[in-house]
Amino acid sequence: MLEAVDAVAEVYGPSRVGMHLAPRSDAHGMFDANPAETFGYVARELGRRKLAFLMARESEGPDWLGPTLKQQFGGIYIANEKFTLASADAAIARGDCDAVAFGRLAIANPDLFRRFASNAALNTPVPETFYSHGTEGYIDYPSLS
């Protein structure tokens with residue numbers, strides 16, 4: 001991974017390269033016996049390379065590595081997974097992250113930021129339709145009127 005990052009950064013410059021990690025190692029058959037050590041090393045190495053950002057798919061909880069990874073990376077840190085508008089605002093205010101990305105909510109709510117701004121109800125994501133080959137689950141969620 002670091003070799004790939006170095007190769008891409010050599011072509012585009014590190015300020016135009018970011019990395020998305022999944023420290024929880026809970027998808028696609030991944031597993032790590034010591035994610036704090038493994039991903040801490042990765043965060044420090046990516047920070048040493050001065051990448052544009054580090055993003056992690058990992059929800060808040062007692063074993064959340066996000067704030068530690070942000071510190072170890074030393075640059076822009078984007079959290080992502082199971083955040084609400086309120087929990088995202090709180091995490092940013094605490095300094096646990098610099099921004100929050102809303103993957104599933106963005107898929108299910110094509111007007112997500114308008115909904116956030118008006119405190120409107122959110123559509124519920126239907127993960128069974130993610131990564132399909134058709135339009136179901138991507139362009140069939142209703143927008144606000």
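This is a predicted model: local features need pLDDT of at least 70, side-chain atom pairs count only at pLDDT 80 or more; totals for chains, interfaces and linings use all residues.

Student: Why is glutamate 81 called buried?
Tutor: Buried means under 20% relative accessible area, exposed over 50%, and partly exposed in between (1.4 Å probe, protein chains only). Glutamate 81 has a relative accessible area of 16%, so it is buried.

Student: How many salt bridges are there in the whole structure?
Tutor: A search finds ten. One of them joins the side chains of arginine 24 and aspartate 63, at 3.5 Å, N to O. Arginine 24 sits in the loop between E1 and H2, and aspartate 63 in the loop between E2 and H3, so they link parts that are 39 residues apart in sequence.

Student: Why do arginine 24 and aspartate 63 count as partly exposed?
Tutor: Arginine 24 has 24% relative accessibility, so it is partly exposed. Aspartate 63 has a relative accessible area of 48%, which puts it in that class as well.

Student: What makes arginine 94 and aspartate 96 a salt bridge?
Tutor: Their side chains meet at 2.7 Å, N to O, and this counts as a salt bridge. Arginine 94 is partly exposed at 47%, whereas aspartate 96 is buried at 13%. Salt bridges that share partners also join Asp6, Glu45, Arg48 and Arg49 into one network.

Student: Which residues does aspartate 96 touch?
Tutor: Contact means heavy atoms within 4.5 Å. Not counting residues up to four places away in sequence, aspartate 96 touches Trp64, Gly66, Pro67, Lys70, Tyr77 and Ala91. Aspartate 96 is in the loop between H4 and strand E4 (99-100).

Student: Where is aspartate 98, and is aspartate 98 buried or partly exposed?
Tutor: Aspartate 98 is in the loop between H4 and E4. Its relative accessibility is 33%, so it counts as partly exposed.

Student: What makes the pairing of aspartate 98 with lysine 70 a polar contact?
Tutor: A polar contact is a pair of N or O atoms within 3.5 Å; within protein, one must be able to donate a hydrogen and the other to accept it, and residues adjacent in sequence count only if both atoms are side-chain atoms. The side chains of aspartate 98 and lysine 70 make such a contact at 3.2 Å.

Student: How do you know that E2 and E3 are paired?
Tutor: Two strands pair if DSSP finds at least two bridges between them. E2 and E3 have four bridges, in the parallel sense. Four bridges also join E1 to E2, which run parallel. The open sheet of four strands has the order E1-E2-E3-E4. E1 and E4 are at the edges, each with a single partner strand, so one side of each has no neighbour in the sheet.

Student: What makes the largest nonpolar core a core?
Tutor: A nonpolar core is a set of buried Ala, Val, Leu, Ile, Met, Phe, Trp, Tyr and Cys residues joined through side-chain atoms within 4.5 Å. The largest one has 28 residues, and those with the most contacts inside it are Leu46, Leu54, Phe83 and Phe102. H2 gives the most to this core, with four residues. Leucine 46 touches residues including Leu2, Val5 and Phe73.

Conventions
Residues are numbered from 1 along each chain as its sequence is written. Side-chain values use heavy atoms; hydrogens and water are left out. Helices (H or I, at least four residues) and strands (E, at least two) are DSSP runs, numbered from the N terminus. A salt bridge is a side-chain nitrogen of Lys or Arg within 4 Å of a carboxyl oxygen of Asp or Glu.
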